[in-house]
Amino acid sequence: MQHPVNRLLIAPSLLACDFGRLAEEIRAVEEAGADWLHVDVMDGHFVPNLTIGPVIVEAIRRVSRLPLDVHLMLDDPARYLKPFLDAGAHALSVHVESPGLRTESLGQKALADIRTSGARAGLSLRPRTGAEALFPFLDGGLDLILLMTVEPGFGGQAFMPEVVPKVRQV
């Protein structure tokens, strides 16, 4: 599903929902005008919490036709690209800081694998990672950039205004 580049998109994070009422919560954000659904995936290693896996993404896909923006906060995201793509992800973002993407070539391969599947490929940055970490990836194969304005791994954190200059830089 294509959206114009210059259009503001709203992608509420499902991490904030009541998982006991997931379908109802998804319907509520759809009715409120959400463009995408953001799905935070945590492995308990790259970040200290565990969240959603491919089975839940597949369940989300069954109750919504909105594009699923899946954010992989994983030590080895390349290992999980196919399961999340098969589950219905329209976009996958991986962290440039992930140990499993420790070299530029591994990061480029992960992005290429995502794009080859027909999904949008994105990179995520922690708040304290400089924008220059993105530079090797800007010449192709990158559809979106997620600049985190909270430390990854926990919902409900306060916005970190010190990230705003990085938003302008990117």
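Where is Asp 139 found, and is it buried or exposed? Which residue does Arg 128 meet in a salt bridge?

Reply: This is a predicted model, in which local features need pLDDT of at least 70 and side-chain atom pairs count only at pLDDT 80 or more, while totals for chains, interfaces and linings use all residues. Residues are numbered from 1 along each chain as its sequence is written, and side-chain values use heavy atoms, with hydrogens and water left out.

Asp 139 is found in the loop that runs between β4 (120-125) and β5 (144-147); helices (H or I, at least four residues) and strands (E, at least two) are DSSP runs numbered from the N terminus. Asp 139 counts as exposed because its relative accessibility is 81% (exposed is over 50%, buried under 20%, partly exposed in between, with a 1.4 Å probe and protein chains only). Gln 157 is 18 residues from Asp 139 in sequence, yet the two C-alpha atoms are 33 Å apart in space.

Leu 144 lies in β5, and it counts as buried because its relative accessibility is 14%. Its C-alpha atom is 6.7 Å from that of Leu 123, a residue 21 positions away along the chain.

Now the salt bridge. The side chain of Arg 128 meets that of Glu 151, with 2.2 Å from N to O; a salt bridge is a side-chain nitrogen of Lys or Arg within 4 Å of a carboxyl oxygen of Asp or Glu. Arg 128 belongs to the loop between β4 and β5 and Glu 151 to the loop between β5 and α5, so the pair ties together parts that are 23 residues apart in sequence. Arg 128 is exposed because its relative accessible area is 65%, whereas Glu 151 is only partly exposed because its value is 25%.

The loop between β5 and α5 also holds Met 160. Met 160 counts as buried, because its relative accessibility is 11%. Between the C-alpha atoms of Met 160 and Met 73 there are 19 Å, and along the chain 87 residues.

Next comes a surface feature. Phe 135, Leu 138, Ile 145 and Val 170 form a nonpolar patch with about 350 Å² of accessible area together. Patches are made of residues with over 30% relative accessible area and no salt bridge, with like charges joined within 9 Å and nonpolar side chains (Val, Leu, Ile, Met, Phe, Trp, Tyr) within 5 Å; areas come from the Shrake-Rupley method with a 1.4 Å probe, only the protein chains shown counting as cover for residues. Val 170, one of the patch members, lies in the segment after α5 (164-169). Val 170 counts as partly exposed because its relative accessibility is 45%.

The whole structure has 6 salt bridges. Among the others, Asp 86 pairs with Lys 82, their closest N and O atoms being 2.7 Å apart. These two are 4 residues apart in helix α3 (residues 81-87), so about one helical turn separates them, and both are exposed. Lys 109 is partly exposed because its relative accessible area is 49%, and Asp 113 is partly exposed because its area is 34%. Arg 21, Glu 24 and Glu 25 are linked in a salt-bridge network.

Leu 106 is also placed in helix α4. Leu 106 counts as partly exposed because its relative accessibility is 31%. Its C-alpha atom is 8.4 Å from that of Ala 78, 28 residues away along the chain.

The largest nonpolar core has 36 residues, of which Val 39, Val 57, Ile 60, Val 70, Leu 72, Leu 81 and Leu 92 touch the most other members. Elements giving two or more residues to this core include β4, α4, β2 (68-73) and β3 (91-95), and α3 gives the most, with 4 residues. Such a core is a set of buried Ala, Val, Leu, Ile, Met, Phe, Trp, Tyr and Cys residues joined through side-chain atoms within 4.5 Å.
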